[in-house]
Each structure stands twice: as C-alpha cells, then as structure tokens.
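Please have the structure open while I talk.

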Amino acid sequence: MAEGLERYVQRFIDRLHREQVNMHGFQLSVQGAIKAKAYYAPFQEGQKHQMYSVTKSMTCIAIGMLMDDGKLTPDDPIVQFFPDWLPEHPDERLMRLKIRDMLRMATCYRRTTYREGIDENWAKTFFTATPTHEPGTVFNYDTSCAQVLAALVERLSGMSEEQFLTQRLLHPIGCTDGTHWLRDPSGCCRGGTGMAMSLRDLHRVAQWMLDGGSGLINPDFLQQMTEKHIDTVMQTNEEERYGYCWQCWRTRNGWALYGMGGQLAVVCPEKQAILTTIADTRLDPFGVQRIYNAFFEELYPAIGTEDMPCTAYQLETEHLPTIASGNVPCGRFAFEENNPLGLRWMQTEEGMLRYQQDRGEVMLPLSFGRNLKTSFPGWDADALVSAGWTQGRLLHVRCNEITWEPCGFELLLCFQNDTLTVQARCSSSEKTKGYDGVATGKMIKE
C-alpha cells in the first residue's frame, strides 16, 4: 500500500483514469523538490509538446524583461510602437489601448482579429480591425493581442521571441530540451499559441517564477503578472472564474499558466507546490477542469502534511472503454453527395474500418480494450486508435495523433438495419478537417 503523499498521488492518477482524461504526463514538486513525475506511453520525458496558450505567459515574461531594459512601460499606448501599421484614420478606442490592458485581456476587441489561412501578418490585423468596445473595461479572450506583443518583442529586441527567450530565460535556468515555435505567414513567432517545449522545461519555468525570477527579471513584475487584474465571472469553466492576471490565470489556490487541451503549470505559493501537466483533452469540453478538480480535491489537501520520495510512474494513455457487447456488421455503405464529412463510402468489418473521403481512402484498425499504434489518416504522423461499444448498435472510435502537436477525432457509428449513420467531431487542426458533422449511408446490396 502506498504510504504518505504517494497514496494521494495515486488517488489523483486513479481519478484521472476513472474520468477518462487523455493525459500525456505530469510532474509535481513541493518546496522545489520533485516528488512525482509520470509519462503516459508513448509520450516520454524530454519530448516537446505544443503548449498552446502557455505561450502567452512566455510572451508576457519577454515583455517584462523588455520593461526591465527600459524599452516600454505598462502604460504605454500600443500604437506608439506600430505607427507604420495604423490606418489613415485610426479608431480612438484603439489609440487609447495600453499595454497593461493587452496583458490582462481587456482590449478593444470582442475576439481575435486575425484569420488563420487568410491573413499573412497576424499582428497587423490588430491595428486595422474595427474595435467593438472601449479598452480596459471587460475581459475578452483575444489571442491577437499576444501576437502583437510577440511582434513588439521582435521590434524592440531585434530578434525573434524564440531567440530572445532562449537567451534571456531558457538557457540561463537550465532548460535543456529546446523549443519549437510555429510562425505566422509573415515569419513572426505565434505569440499566443505557437511554442512547443517539454514538460520538465515547463516545470523549470514555473519554479523560476515561483522563486521570484532568480535575478533574470524584476520580481515585482512576476508578482504583478500573477495577481488578479480583471474579473472573469462570465467564463464557462469553474477554474476560469477566479480572475485573469497578466497572460495567466488565477485559480482557487494560486495561479496557473494554462494552455488549451490540458497544458498546465498550476502554482500554489501557499504550499510552495507546482503541478505541471501535458495532455490532449480537446475532445472533452470539461477535460481541463477535470485535471484541476483531481489535483485540488485529491492531492492538494495532503501537500505539506505528507511526504514521499521522488517517484516516477510509467502509465498508458487512455483507450476507449467497452461498456456493452456488439459485433461489427460487415458491409459497404454508400453516402449521399456533399455530406458534411465528405464520405463517399464506408466498409465495416471485424477489426477494420475502411472509408473514402475528400482526402482519399482510409484504413483505420478497430482495436478494442487497448490503444493500437497506426498512422493518422491522410498524414505521415503516428497516432493511437481505440474502439468501444456504448450500446449494441453504437460503436465509438477515437484516433489521436501523438506527435509534438497532438490532435484527434472521434466517430460514433450507429448501425440500424441497412443504414449506417456516422457522427464525427474533432479538435481543431488542419489535420482533422472533414471530421465534424453527421452523415448517413445506405448498405450497398450485392
């Protein structure tokens, strides 16, 4: 039987498993000492993982370092740094927007201004879009403001944000696994979503922040960065209602760097504890909240009252459960033209799902009770696929890419006489286009 804190870590792991949270790894430290680390195969220590909006927090740190250099202040209007991108008659609301309002997501826009796949210079759209309200008033999650801040880092430092942070932060604190940054079409680092780094390097950054910056940044800036600056009471998920800081979030016990899909650095100053996670929960709208709840309800109460030696866990990524019995009917189904999934036909048989869609023909193995490694349909990338029956005629299939930029889709197949209805949903990615919607096919009679 696990002793001390270790049993609470096990309760945390067990709850995530019960709730089918698609974890890739986590690390826990208390008072600066690593207590537990886990990787869910096939994910491994040191592997880069896309951090999504944790990137915003890194961009904020870069801005703080430039403030230390005397190159800007929180009260500077953002437009003063980009006069060449302003329209002939800029909106007065944009002219009043300060950097501090951008840091706390209180811009003059209701939503992100750039359009992926359409706009070339994402940051420039921020200055040409039409404002929707007065800046500095209400919280609206606006990724384009982080893109502008990344462009600002580039203008003021003379190097890309990736280069700047590598020189000023990551190398000095001992981050050894490197980073990978996605760029917008103009070549600027994606300051709101584009950074990939390892779990252990993310933990190093969070520990550095908790320790006050180790002389690399003014500790007062980190203190301000992690304080609440605006209310977020209209957010959907519980943990997002405690308020927004500067490009990071307050939680029920501290603050967090938070990236879509379960990329988290949950920092609890009162107990000097840090939990970092990597995951892909985007197919579960409550997946990130499940991680928060499992930590704060199962593990956090024991921190400081119990202890454990450093323990490494080797775990497996979640597969779909089978909660009913069923047999895959063998048959070939034809779908009507121009259906939302782009399906032309689908052939079902025991152990295999074959179909043709807009991107070509797909062979997807059906693996029950385990994950099976395969190729992500239409791409040269590794993936895990699993299947499970939810009712005698409802077959659930899930396919998750397992590269540094994970994504996935789910299919629900309903067999009814000679009809097959396919429902699909996906996490947002270029690789998952065509997996959102419902289509019905009829069995082809021989």
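**Aromatic pairs and a helix contact**

Let me begin with W85, which counts as buried because its relative accessibility is 14%, below the 20% cut-off; please bear in mind that this is a predicted model. Above the face of W85 lies R155, at 4.6 Å from the ring centre.

Turning to the aromatic pairs, the count comes to 24. In one of them, the ring centres of W85 and F127 are 6.1 Å apart and the planes make an angle of 55°, so the pair is tilted. Since W85 sits in the loop between α2 and α3 while F127 belongs to helix α5, this pair ties together parts that are 42 residues apart in sequence. F127 is itself buried, with a relative accessible area of 1%.

How are the rings of Y114 and W122 arranged? Their centres are 4.2 Å apart and their planes at 10°, so this pair is stacked, and both Y114 and W122 are buried. There is also an aromatic cluster, whose members include F139, Y141, W249 and Y300.

Moving on to the helices, α2 and α7 pack at an angle of about 70° with their axes 10 Å apart, and they are therefore roughly perpendicular to each other. The residues of this contact divide into nine nonpolar, one polar and two charged; among them are M58 and I61 in α2, and F164 and R168 in α7.

Finally, in the loop between α6 and α7 we find S160, which is buried at 8% relative accessible area.

How values were computed: Residues numbered from 1 in each chain as written. Predicted model: local features only at pLDDT ≥ 70, side-chain atom pairs only at ≥ 80, totals over all residues. Heavy atoms only, no water. Helix = DSSP H or I, 4+ residues; strand = E, 2+ residues; numbered from the N terminus. Buried < 20%, exposed > 50% of the residue type's maximum accessible area, 1.4 Å probe, protein only. Axes fitted to C-alpha atoms, helices over the stretch in contact; angles between N-to-C directions. Parallel < 35°, antiparallel > 145°, perpendicular 65-115°, else oblique. Contact = heavy atoms within 4.5 Å. Nonpolar A, V, L, I, M, F, W, Y, C, P; charged D, E, K, R; others polar. Phe/Tyr/Trp six-rings, centres within 6.5 Å; stacked < 30°, edge-to-face > 60°. Lys NZ or Arg CZ within 6 Å of the ring centre and 35° of its normal.
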